[in-house]
Structures are given as C-alpha cells and as structure tokens.
Amino acid sequence: MKVIIAENYQQVSSLAADVIEQVVRQEPECTLGLATGSSPVGMYQELARRCREEGLDFSKVHSVNLDEYVGLEPTHDQSYRYFMDDNLFNHINIDKANTYVAKGVGDVEENLREFNAVLDKADIAVQVLGVGPDGHLGFNEPGETLYDGAHKEVLDESTIDANQRFFASRDDVPRYAVTMGMGNIMRARKLLMVVSGKKQEAMKALLLSDRIDPKCPVTFLRLHRDATVILEKSLADEIGYKG
Ligand code: GLP
C-alpha cells in the first residue's frame with residue numbers, strides 16, 4: 001500500500017487527480033469506479049479544470065459508482081446520482097449514458113440484480129474511495145462479516161450522524177443504501193483513497209496496525225496489490241503516522 005502525505009487538501013486533490021489523469025490518458029476507454037462524499041470533491045474540481053483547460057478527454061470513459069441511498073429519487077439533491085452530475089459529470093465531456101449509479105428507488109432486489117450485472121461486466125481500472133469515520137467503504141458498514149457483491153445495507157447510527165450534515169434533519173437521512181461489496185472494490189485493478197475530515201480512528205486502524213478487521217472495512221486496503229492512500233499531513237501528525 002502506497003501512502004502519500006500531502007501538505008493540505010488542495011494538494012490531496014491535485015495528487016489524486018494525477019492518478020486518475022494517468023489512467024485516463026493511458027486507457028481512454030477505461031472504466032472508472034467513482035465515489036461520493038466531500039473528500040473527492042476537490043479532485044473532481046481539478047479533473048474538471050484539466051478537462052476544460054488541458055484537454056483531458058473523458059469522451060470514451062465509462063464509470064460506475066460505489067453506492068446509492070435507498071429511497072432517494074435521482075433528482076433528489078442528496079442522491080448520489082445528483083451528486084455525481086453536479087460535482088463531476090456536468091463539468092467534463094463524459095457521455096452520461098456511459099455513467100452508472102445504482103438506482104435507489106423502485107424494486108431493491110431488481111436494482112441489485114442490475115447493479116451486480118453491471119459490476120460483473122466492468123473491469124474497473126481505478127476505484128476512487130473515501131472512508132467513513134467508522135471505517136466503512138462505500139456503504140460496507142463494519143460487521144462480523146462483509147459481502148462480496150452489491151447488496152443492501154442498513155446504515156450504522158454513526159454513519160447517519162456523519163451524513164446528517166447534508167440533510168435538513170437527521171430524520172431525513174435514509175436508513176438503507178445499496179453498495180458495491182468488498183469483493184467488487186477489491187477486484188478493481190487500482191484503488192485510490194482520498195482522506196479528509198475526522199477520520200482519525202479509521203486511519204489509525206489502517207496505518208498503525210497490521211490487522212485486517214471486518215469491523216473496520218478500510219483495513220482491507222492492505223490486501224490490495226495496488227492501493228494508494230492520500231491524506232493530509234495534519235491528520236498524519238494527529239495520529240502519529242510518520243510514513
Ligand atoms: C458516505 C459514502 C462513502 C464516503 C463517506 C465519507 O458514507 N457512502 O463512500 O466515503 O460518506 O464521506 P466524506 O468524504 O464526506 O467524509
């Protein structure tokens with residue numbers, strides 16, 4: 001696992017954009033695995049700038065997203081489909097028909113069949129990841145066991161707490177989500193984790209321990225052959241990680 005310590009969030013975002021840019025330039029028809037949350041927003045802004053000003057070309061790129069809330073229409077401003085359009089797809093030359101965010105409304109079982117079919121066919125060149133304060137990846141919440149494929153999750157109370165800042169009230173935060181499983185994530189050829197915010201406990205488990213723990217899903221990154229983690233120096237200092 002490669003760990004990069006950046007001076008600040010802006011540098012996290014630009015180093016992460018470098019990784020994506022390299023993949024897209026080498027493989028213009030690649031499939032990107034994408035993530036929501038505030039951590040990758042700066043990277044998406046930088047990619048949009050490079051598309052606009054430097055000709056970074058997404059016209060043949062496909063994408064598939066990690067997860068979606070159950071119960072939110074794609075037009076809801078907190079749905080992950082809306083987030084992706086708003087933060088990235090509307091600002092780059094990707095063909096939206098080639099972007100996939102799982103459906104959050106309708107028949108959940110049917111939506112999961114479709115999501116798994118998309119994932120079975122996808123060869124994800126690089127999977128972008130954030131991390132939840134409890135160590136969740138996508139919406140793979142801590143547990144005794146983890147899932148291989150796409151499935152429905154009950155969100156942990158701590159996840160609802162963390163995500164309520166995006167909603168009018170805590171009651172408005174969906175209780176369920178559909179998410180790629182850990183197997184889907186681990187089968188991506190490359191993993192790119194961008195870390196920002198209050199992630200001390202998750203980062204301690206990942207960077208200061210040798211244990212792989214389903215109660216902290218982010219620790220599975222250690223098993224991947226090509227995983228890169230980018231975090232700010234202030235967070236590394238706070239947990240006493242020297243690199
Ligand atoms: C949500 C998403 C995760 C994301 C996490 C952290 O729970 N499902 O994919 O990593 O939020 O978000 P943030 O980057 O806003 O801290």
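The model I am reading is a predicted one.

**Around Pro 142.** I placed Pro 142 in the loop that connects E6 with strand E7 (151–154). I then checked what touches Pro 142, leaving out neighbours within four places in sequence. The contacts are Asp 134, His 136, Asp 156, Pro 214, Lys 215, Cys 216 and Pro 217. For Lys 215 I also noted the spacing: 73 residues from Pro 142 in sequence, but 4.1 Å from C-alpha to C-alpha.

**The sheet.** In what order do the seven strands of the open sheet run? I read E1-E10-E9-E6-E2-E3-E5, with parallel pairing. I marked E1 (2–6) and E5 (99–100) as the edges; each has a single partner strand, so one side of each has no neighbour in the sheet.

I went through some of the pairs.
- E1 runs parallel to E10 (residues 227–232), and five bridges join them. Across this pair, Ile 4 faces Ile 230 of E10.
- E6 pairs with E2 in the parallel sense through three bridges. Here Thr 31 has Ile 124 in E6 as its bridge partner.
- E6 also pairs with E9, again parallel, through three bridges. Leu 129 has Met 193 in E9 as its bridge partner.

Is E6 mostly covered or mostly open? I found it mostly covered, with six of its six residues buried.

**Helix H1.** I followed H1 (residues 9–26) across the sheet. It lies over E1, E2 (31–34), E6 (124–129), E9 (191–194) and E10, and I noted an angle of about 160° to E10.

**The cavity.** How many cavities of 30 Å³ or more does the whole structure hold? My search of it turned up one. I noted a volume of about 40 Å³ for the largest cavity. Its lining is made of Ile 20, Leu 32, Leu 34, Met 43, Tyr 44, Leu 47, Phe 58, Leu 88, Ile 92, Ile 94 and Val 128. Which element gives the largest share of this lining? I counted three residues from H2, and that is the largest share. E2 and H2 (41–54) each give at least two. I sorted the lining by class as well: 11 residues are nonpolar, none is polar and none is charged.

Note on methods
Residues numbered from 1 in each chain as written. Predicted model: local features only at pLDDT ≥ 70, side-chain atom pairs only at ≥ 80, totals over all residues. Heavy atoms only, no water. Pairing = 2+ DSSP bridges. Helix = DSSP H or I, 4+ residues; strand = E, 2+ residues; numbered from the N terminus. Contact = heavy atoms within 4.5 Å. Axes fitted to C-alpha atoms, helices over the stretch in contact; angles between N-to-C directions. 1 Å grid on protein atoms, 1.4 Å probe; cavity = no way out; pocket = protein on both sides within 12 Å on 5 of 7 lines; lining within 4 Å. Points joined across faces, edges and corners; volume = space filled by probe spheres on them. Nonpolar A, V, L, I, M, F, W, Y, C, P; charged D, E, K, R; others polar. Buried < 20%, exposed > 50% of the residue type's maximum accessible area, 1.4 Å probe, protein only.
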